Amino acid sequence: MIRGAVTRLIVLAEIGALAAAGVVSGCGGPEQKTAQEERPAAAAGDTVALYDGSRAAFHLAGANAGGPAERTVAFGEAGKGWIPVAGDWDGDGFDTVGAYSPKEGTFRLTNSATGGEATITFAFGSRNKGWLPVAGDWDGDGTDTVGLYNPNSSRFYLTNRHKGPADIQLGFGGTKAEWIPLAGDWDGDGKDTIGLFDLGSSKFVLGNRLEPGKAEVQFQFGSRKNRWTPITGDWDGDGEDSVGLYDPDRGRFSLTNRLAGGKAQMRFTLKVTGRDLIPLSGKWQQQ
Ligand SMILES: [Ca+2]
Ligand SMILES: [Ca+2]
Ligand SMILES: [Ca+2]
Ligand SMILES: [Ca+2]
């Protein structure tokens, strides 16, 4: 499931705190791994993707490991400034893509793993106000829906249907930081909630209830110098979402399975060419 809504405005640099470790592996056992075994296994949980808005192309990773994208899905129109989203819009267990046009205030979503025409289109939010999309299963019914975050008021507007108006509204985080909105199931109770990432401090601030108030989980992951782009997902498939960062200069993802600071557990580059790539994540249907 997705969730890191992201803007092109985000300029990012480098995390000094992350060690040069790739996927964490156990201590070396006696057996030698064959080349076959060393290939990344099909992912148990969510994997990353990169959206190229100039080509309206979503490049989906088959595993959270270095290499080329497993599949490229064409969806939407190129060069429109759309922001990508992903979610399980029909509750079949797999995430598919979508996009939000801040200019039009319109979501376009597809249930097809191969993209194509939008299955669901609806207006939501204010036009031209710079609102940012999120997606999640707010009511825990197994189907993801969308939401919007207004950076000017630090307010979320979430809907449980594939249309507006919002069923849930809440203020979260205040307006003093450069927040990027997030969503995920941080506590594994089957319901997604919201969170924020502060670009200026590389701090994640997450809530487990869709109510205004104090964040239950706060931690710094990555370096405050970097301004990398946040993403969220259940990388290990244990039912709880955690976070990650994307470094657009090096095209590198740094993911963790914990809601805490420290070293990334997975660090890899998804080999995709293109400029202004926006990261996202989901449980993609394997080919
Ligand atoms: Ca689906
Ligand atoms: Ca739902
Ligand atoms: Ca939850
Ligand atoms: Ca997890």
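This note goes through the predicted model point by point.

1. **Basis.** Residues are numbered from 1 along each chain as its sequence is written, and chains are lettered from A and ligands numbered from 1 in the order in which they are written. The model is predicted: local features need pLDDT of at least 70, side-chain atom pairs count only at pLDDT 80 or more, and totals for chains, interfaces and linings use all residues.

2. **Overall make-up.** The protein has one helix and 21 strands. Helices (H or I, at least four residues) and strands (E, at least two) are DSSP runs, numbered from the N terminus. Of its 287 residues, 45% count as buried. Buried means that 20 or more other C-beta atoms lie within 10 Å of the residue's own; exposed means 12 or fewer; partly exposed is in between; C-beta atoms are placed from the backbone. Among contacts with a separation of 6 or more, 51% come from residues 24 or more positions apart. A contact requires C-beta atoms, placed from the backbone, to lie within 7 Å.

3. **Core.** The largest nonpolar core holds 66 residues. Such a core is a set of buried Ala, Val, Leu, Ile, Met, Phe, Trp, Tyr and Cys residues joined through C-beta atoms within 7 Å. Which members touch the most others? Ala49 and Phe58 do. Leaving out residues up to four places away in sequence, alanine 49 touches Phe58, His59, Leu60 and Ala61, and also Leu280, Ser281 and Gly282.

4. **Five-stranded sheet.** One open sheet has the order β3-β20-β19-β18-β17, with mixed pairing. β3 (67–68) and β17 (229–233) stand at the edges; each has a single partner strand, so one side of each is left without a neighbour in the sheet. Two strands count as paired if DSSP finds at least two bridges between them.

5. **Pairings within that sheet.** β17 and β18 run antiparallel and are joined by five bridges. Here glycine 233 stands opposite serine 242 of β18. β18 and β19 are also antiparallel, with four bridges. Glycine 244 faces leucine 255 of β19. Strand β19 (residues 252–255) pairs with β20 over four bridges, again in the antiparallel sense. Arginine 252 has threonine 269 in β20 as its bridge partner.

6. **Strand β18.** In β18 (residues 242–247), six of the six residues are buried, so the strand is largely enclosed by the rest of the structure. In a regular strand the side chains alternate between the two faces of the sheet. Both faces of β18 are covered. One side carries Ser242, Gly244 and Tyr246; the other carries Val243, Leu245 and Asp247. The hairpin of β18 and β19 has four residues between the strands, and its glycine 251 takes a positive phi near 65°.

7. **Backbone points to check.** Most residues other than glycine have a negative phi, and most peptide bonds are trans. Where is the cis peptide bond? It joins glycine 164 and proline 165, with omega about -5°. Proline 165 sits in the loop between β11 (155–158) and β12 (168–171).

8. **Positive phi outside glycine.** Asparagine 128 has a positive phi of about 60°. Asparagine 128 belongs to the loop between β8 (120–123) and β9 (132–136). With 9 C-beta neighbours inside 10 Å, asparagine 128 is exposed. Aspartate 276 also has a positive phi, near 55°. Its loop runs between β20 (266–271) and β21 (278–282). Aspartate 276 has 11 C-beta neighbours inside 10 Å and counts as exposed.

9. **Threonine 145.** This residue lies in strand β10 (residues 145–150). Is threonine 145 buried or exposed? Threonine 145 is buried, with 26 other C-beta atoms within 10 Å. Leaving out residues up to four places away in sequence, threonine 145 touches Trp138, Thr159, Asn160, Arg161 and His162. Leucine 158 is 13 residues from threonine 145 in sequence, and their C-alpha atoms are 8.0 Å apart.

10. **Serine 112.** Serine 112 is in the loop between β7 (106–109) and β8. Serine 112 is partly exposed, with 15 other C-beta atoms within 10 Å. Beyond residues up to four places away in sequence, serine 112 touches Thr96 and Thr119. Valine 73 is 39 residues from serine 112 in sequence and 9.6 Å away in space, C-alpha to C-alpha.

Notes. Contact = placed C-beta atoms within 7 Å.
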